[in-house]
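Hi,

Here is the structure I promised to pass on.

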Amino acid sequence: MNVETIVQYIEIYGYLVIFLFLFFGIVGIPAPEESLLFLIGVLCVHHRLSLGLAMGSSLLGAFVGMLTAYVCGRYAGAPFIKKYGKYVGITNERWEKVSSKYTVNVRKSIVFGFYLPGIRQISPYFAGITNIPFRRFFLFSLLGTLLWIIPFIMAGYFLGKIFHINPDYVPYLGIIFLILFFLYVIIKYIKRKITEPTK
């Protein structure tokens, strides 16, 4: 989907489109939402969007998506895993181990998980399944949403003011973020494998 199509959708349906993009980006298929957020900032510089409305729609879409995924995980996730987990190798022992690790690192997983494609989609479901208290999840996900949405939109906005950025090329940023994410995972995996024999 190119930039003109996105802007056209927004012109026809309003800022609800931005809300839906971010909402389904959280509860649905992992996508390079970072490039969309950066693009929103650039489009605001070009006066194609209102910065306040675009920011508000983005924040609301991502946050409501987190809460929706949490509720789905809390009320439907656990029964689903108990019933079908054995077919994909999720034994009770493995589940308990993963759950305990997640519970210990829940703040980092929710707040900073926004920056990792795939993790930000899984984390709210997992928080619901492991029965993380709603108030705690609410605060962590709100903080994570703010720390994820605002920097990317403002980066697009300020860089768009300093440099001439063609909005048509912005979607390629998503590919760059995805490559950097995979490089990070690979490097971390290699480092762990190198240090394991020495322990």
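One term before the notes: when I say two residues meet or are in contact, I mean that they have heavy atoms within 4.5 Å. Also keep in mind that this is a predicted model.

The overall picture first. Of its 199 residues, 41% count as buried. Among contacts with a separation of 6 or more, 84% are between residues 24 or more positions apart.

Now for a pair of helices. How do α2 and α7 cross? The axes of α2 (residues 16-27) and α7 (residues 119-129) come within 7 Å, with a crossing angle of roughly 70°. Angles of 65 to 115 degrees count as roughly perpendicular, and α2 and α7 are therefore roughly perpendicular to each other. On the α2 side, the residues involved are G25, I26 and V27, and they meet R120, Q121, P124 and Y125 of α7. Sorted by class, that contact has 4 nonpolar, 2 polar and 1 charged residues.

R120 turns up again in the salt bridge search. Going through the whole structure gives 1 salt bridge, and it joins the side chains of R120 and E34 at 2.7 Å, N to O. R120 sits in helix α7 and E34 in helix α3, 86 residues apart, so the pair links distant parts of the chain. Are these two buried or exposed? Both R120 and E34 are buried.

That brings us to α3 itself (residues 33-45). With 13 residues at 1.5 Å a residue, α3 should span 18 Å, and its end C-alpha atoms are 19 Å apart, which agrees. The helix is mostly covered, with 13 of its 13 residues buried. After α3 comes H47, which has a positive phi, near 60°.

Last one: S141, which you will find in helix α8 (residues 134-162). Why does S141 count as buried? Buried means under 20% relative accessible area, and the value for S141 is 0%. Which residues does S141 touch, leaving aside its neighbours within four places in sequence? They are F63, M66, L67, I110 and F114.

That's the lot from me.

Cheers

Methods:
Residues numbered from 1 in each chain as written. Predicted model: local features only at pLDDT ≥ 70, side-chain atom pairs only at ≥ 80, totals over all residues. Heavy atoms only, no water. Axes fitted to C-alpha atoms, helices over the stretch in contact; angles between N-to-C directions. Helix = DSSP H or I, 4+ residues; strand = E, 2+ residues; numbered from the N terminus. Parallel < 35°, antiparallel > 145°, perpendicular 65-115°, else oblique. Nonpolar A, V, L, I, M, F, W, Y, C, P; charged D, E, K, R; others polar. Expected span 1.5 Å × (residues − 1). Buried < 20%, exposed > 50% of the residue type's maximum accessible area, 1.4 Å probe, protein only. Salt bridge = Lys/Arg side-chain N within 4 Å of Asp/Glu carboxyl O.
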